Structure formats: structure tokens, C-alpha cells
Amino acid sequence: MSHNAWRNARAMYENDACAQSCGIDIIEMDDGVAVLTMTVTPQMLNGHKSCHGGQLFTLADTAFAYACNSQGLAAVASGCTIDFVRPAFAHDRLTATAQVRHQGKQTGVYDIEIVNQQQKTIALFRGKSHRIGGTITGEA
């Protein structure tokens with residue numbers, strides 16, 4: 001467990017109005033790794049009464065953001081894809097696990113899996129990151 005990864009995550013979360021408003025919680029942090037959870041609320045459902053794909057994307061993208069910024073070097077997404085495997089429903093507890101696959105000097109590739117409380121895969125997400133210069137905490 002990296003204390004720096006947790007410190008960087010806390011610094012990001014303080015200003016992350018989106019994650020806070022979606023009820024996304026950080027469960028685990030390490031270098032290149034982030035585990036976040038979110039409970040599907042009735043407001044997150046689409047017309048089919050399943051979790052809206054945009055909400056799943058938000059959870060995965062947030063886990064991606066925390067993983068690719070875990071080393072303290074500011075990074076943003078340069079591209080990403082998502083595959084929806086099965087639906088999630090109201091009150092499901094979703095867990096997104098992000099793991100680095102490759103981190104170069106400026107670009108990285110991260111895989112994120114979202115599972116429900118039965119450990120069934122809901123979505124698979126791949127994100128590409130680009131480091132933009134600077135640090136998360138503002139320290140040199």
C-alpha cells in the first residue's frame with residue numbers, strides 16, 4: 001500500500017464534485033491501482049430500469065483517473081472505451097478496479113473492471129492517459 005497514492009487520492013477527491021455527487025468512495029489505492037465503489041440509486045436508472053451506461057462510464061472513468069494519477073503526476077484521459085457486459089440495477093453495489101497495464105514517461109494504458117456484489121462483471125473499460133505536467137498536490 002502506497003501512502004503517497006492515498007495522499008494523492010485524497011487531494012483529488014477534495015475537488016471531485018462529480019465523484020462525491022455520485023456517491024463514489026475510494027476503497028483501495030496503490031501505485032497504478034485504484035478500487036472505488038458506488039451504489040446504484042434510482043436516479044441512475046435508464047428507461048429499461050437498469051443502470052444508465054453513462055453512470056457506469058463515470059464510475060470506471062473515475063477509477064481510471066485515480067489510478068493514473070496515483071503517483072502524483074497530473075494526468076488526464078486521452079481516450080477510452082467501454083464494453084457493457086451485463087446490466088446493473090437499483091441498489092447494486094458496484095466495485096471498479098483499475099490497474100495499470102503500461103505507464104511510460106507521458107502515456108499510460110489502464111484496464112478497469114466493474115463488478116457487482118456477486119462479483120459478476122458489469123463492464124470492462126480501457127483508458128489511455130497522458131501526463132500533462134505538474135503534480136496532484138502542487139508540490140515539486
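Val33 stands opposite Gln99 in β4. Strands here, like helices, are DSSP runs numbered from the N terminus (E, at least two residues, for strands; H or I, at least four, for helices). The model is a predicted one, in which local features need pLDDT of at least 70 and side-chain atom pairs count only at pLDDT 80 or more, while totals for chains, interfaces and linings use all residues. Residues are numbered from 1 along each chain as its sequence is written, and side-chain values use heavy atoms, with hydrogens and water left out.

β2 and β4 run antiparallel and are joined by 7 bridges; two strands are taken to pair if DSSP finds at least two bridges between them. β2 is also joined to β1, again antiparallel, through 5 bridges, and within that pairing Ile26 has Leu36 in β2 as its bridge partner. The β1 and β2 strands form a hairpin with 2 residues between them. Gly32, in the turn, has a positive phi of about 80°. Of the 7 residues of β2, 6 are buried, so the strand is mostly covered (buried means under 20% relative accessible area, exposed over 50%, and partly exposed in between, with a 1.4 Å probe and protein chains only).

β6 is the partner in two further antiparallel pairings. It is joined to β3 by 10 bridges, with His130 in β6 as the bridge partner of Val76. It is joined to β5 by 9 bridges, and there Asp111 has Arg126 in β6 as its bridge partner. β5 and β6 form a hairpin with 5 residues between them. In this turn, Gln119 has a positive phi of about 65°.

The pair Asp111 and Arg126 also meets through side chains, in a salt bridge at 2.6 Å, N to O. A salt bridge is a side-chain nitrogen of Lys or Arg within 4 Å of a carboxyl oxygen of Asp or Glu. Because Asp111 lies in β5 and Arg126 in β6, this contact ties together parts that are 15 residues apart in sequence. Arg126 is partly exposed, at 39% relative accessibility. Asp111 has a salt bridge with Arg101 as well, at 2.9 Å, N to O. Arg101 lies in β4, so this pair ties together parts that are 10 residues apart in sequence. Arg101 counts as partly exposed, with 49% relative accessibility.

A search of the whole structure finds 3 salt bridges. One of them joins the side chains of Arg93 and Asp25, at 4.0 Å, N to O. Arg93 lies in β4 and Asp25 in β1, so the pair ties together parts that are 68 residues apart in sequence. Arg93 is partly exposed, at 32% relative accessibility, and Asp25 is partly exposed too, at 35%.

The next topic is the interior. In soluble globular proteins, nonpolar side chains tend to be buried together. Here the largest nonpolar core has 35 residues, a core being a set of buried Ala, Val, Leu, Ile, Met, Phe, Trp, Tyr and Cys residues joined through side-chain atoms within 4.5 Å. Those with the most contacts inside it are Met29, Leu36, Leu59, Tyr66, Leu94, Ile112 and Ile114. At least two core residues come from each of α1 (3-14), β1 (25-30), β2 (33-39), α3 (53-68), β3 (73-84), β4 (93-103), β5 (107-115) and β6 (121-135). α3 gives the most, with 8 residues.

α3 has 16 residues and reaches 22 Å from its first C-alpha to its last. That is close to the 22 Å expected at 1.5 Å a residue, where the expected span is 1.5 Å times one less than the number of residues. Its buried residues are Leu56, Leu59, Ala60, Thr62, Ala63, Phe64, Tyr66, Ala67 and Cys68. An α-helix has 3.6 residues a turn, so residues three or four places apart point the same way.

Leaving aside neighbours within four places in sequence, Leu94 has contacts (heavy atoms within 4.5 Å) with residues including Leu36, Leu56, Leu59, Ile114 and Ile122.

There are 0 disulfides, a disulfide being a pair of cysteine sulfur atoms within 2.5 Å. The sulfur of Cys18 is 4.4 Å from the closest cysteine sulfur, that of Cys22, which is too far for a bond. Cys18 is partly exposed, with a relative accessible area of 42%. Cys80 is in no disulfide either, since the nearest cysteine sulfur, in Cys68, is 10 Å away. Cys80 is partly exposed at 31%.
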